[in-house]
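Please keep the sequence and the model at hand while reading.

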Amino acid sequence: LMSLVYIGVKGGMILLVADDPGPISSQTEQDTRQFAEFANLPVFDPSSPEEAYRMIQDAFDYSEKYQTPVLFRPTTRICHGCAAIELDGKRREIPEGDFVKDPKWVIFPRLSFQNHLKLNARQPVLAEDFSGYAANRVCGSGKKGIAAGGVSWEYLQEALGELNADCRLLKVATPNPFPEGLAMEFLDGLDEVLVVEELSPVIERALVQIAGRKRLAVEILGRQTGHIAGAGENTVESVKKAAAAFLGIPLEEKPAAAPP
């Protein structure tokens, strides 16, 4: 795979990996986004089955545009979810491929060095492109902000609705390369940020790095600080509890169940 990223692809190529927070049916719960960072793979992280339907098409477009394999990461709850999808009715013609003999398809050491330079130069260009991608967005207002990605974004929307709360929000649908331009728009003027994500603190680390490099006086909270559980999957209730504590909203304690 590392060699494939260096060589690139001629047509669109998607690597679909369903991470399993929990784990629910696996022996481990590794976060594939970290492997994508290691391999310089673009990542698409859908938050719902509907978004996965739209996003897989975008992923192919980006793969062809940048001639790179793309990682698509629906987690267990997305893969096992059901939704009514309204089809756009468009059918794209796929041209027949052919093979043209070219030394670039063989990863010689000298070629690897040259392609590594191109790969490094491409990452900030792709990050800027992702900052304008429709599935990434900033909304809301206030001095506190919450960032989320994947299915945790849907949990957050439901939790904030139950809390009747509002704050500035950042939705990260493409965690690698990280959409830094959009993140800067989100961080501007904030005092505190809570990051809600499953498994590794990928979004959290990216925001901490950006805040450090730009010398922003903002505190980033999440899995690394113990404000979000360090293992397992999130739920609406767990996100609601974390968001309420972060926003200073008291939660009503449910009465204990009467003994049988």
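Glu197 and Arg33 join their side chains in a salt bridge, with N and O 2.9 Å apart. Here a salt bridge is a side-chain nitrogen of Lys or Arg within 4 Å of a carboxyl oxygen of Asp or Glu. The two residues come from distant parts of the chain, 164 residues apart: Glu197 belongs to the loop between β7 (192-196) and α8 (202-213), and Arg33 to helix α2 (residues 32-39). Helices (H or I, at least four residues) and strands (E, at least two) are DSSP runs, numbered from the N terminus.

The model is predicted, so local features need pLDDT of at least 70 and side-chain atom pairs count only at pLDDT 80 or more, while totals for chains, interfaces and linings use all residues. Residues are numbered from 1 along each chain as its sequence is written, and side-chain values use heavy atoms, with hydrogens and water left out.

Both partners of this pair are buried: Glu197 has a relative accessible area of 1%, and Arg33 one of 2%. Buried means under 20% relative accessible area, exposed over 50%, and partly exposed in between (1.4 Å probe, protein chains only).

The structure holds 13 salt bridges in total. Three of them are listed here.

| Salt bridge | N to O distance |
|---|---|
| Glu197 and Arg33 | 2.9 Å |
| Arg73 and Asp45 | 3.2 Å |
| Lys65 and Asp129 | 2.8 Å |

The salt bridge between Lys65 and Asp129 has its closest N and O atoms 2.8 Å apart. This pair links helix α3, which holds Lys65, with helix α5 (residues 109-131), which holds Asp129, across 64 residues. Lys65 is exposed, with a relative accessible area of 55%. Through shared partners, salt bridges join Asp19, Asp31, Arg33, Asp45, Arg73 and Glu197 into one network.

Helix α2 also deserves attention. Its buried residues include Thr32, Arg33, Ala36 and Ala39. They lie on the same side of α2, because they cover an arc of only 125° around the axis; the arc is that of the directions from the helix axis to the C-beta atoms. Among the elements that cover the buried residues of α2 are α1 (2-7), β2, β3 and α8, where contact means heavy atoms within 4.5 Å. After α2 comes Asn40, with a positive phi near 60°.
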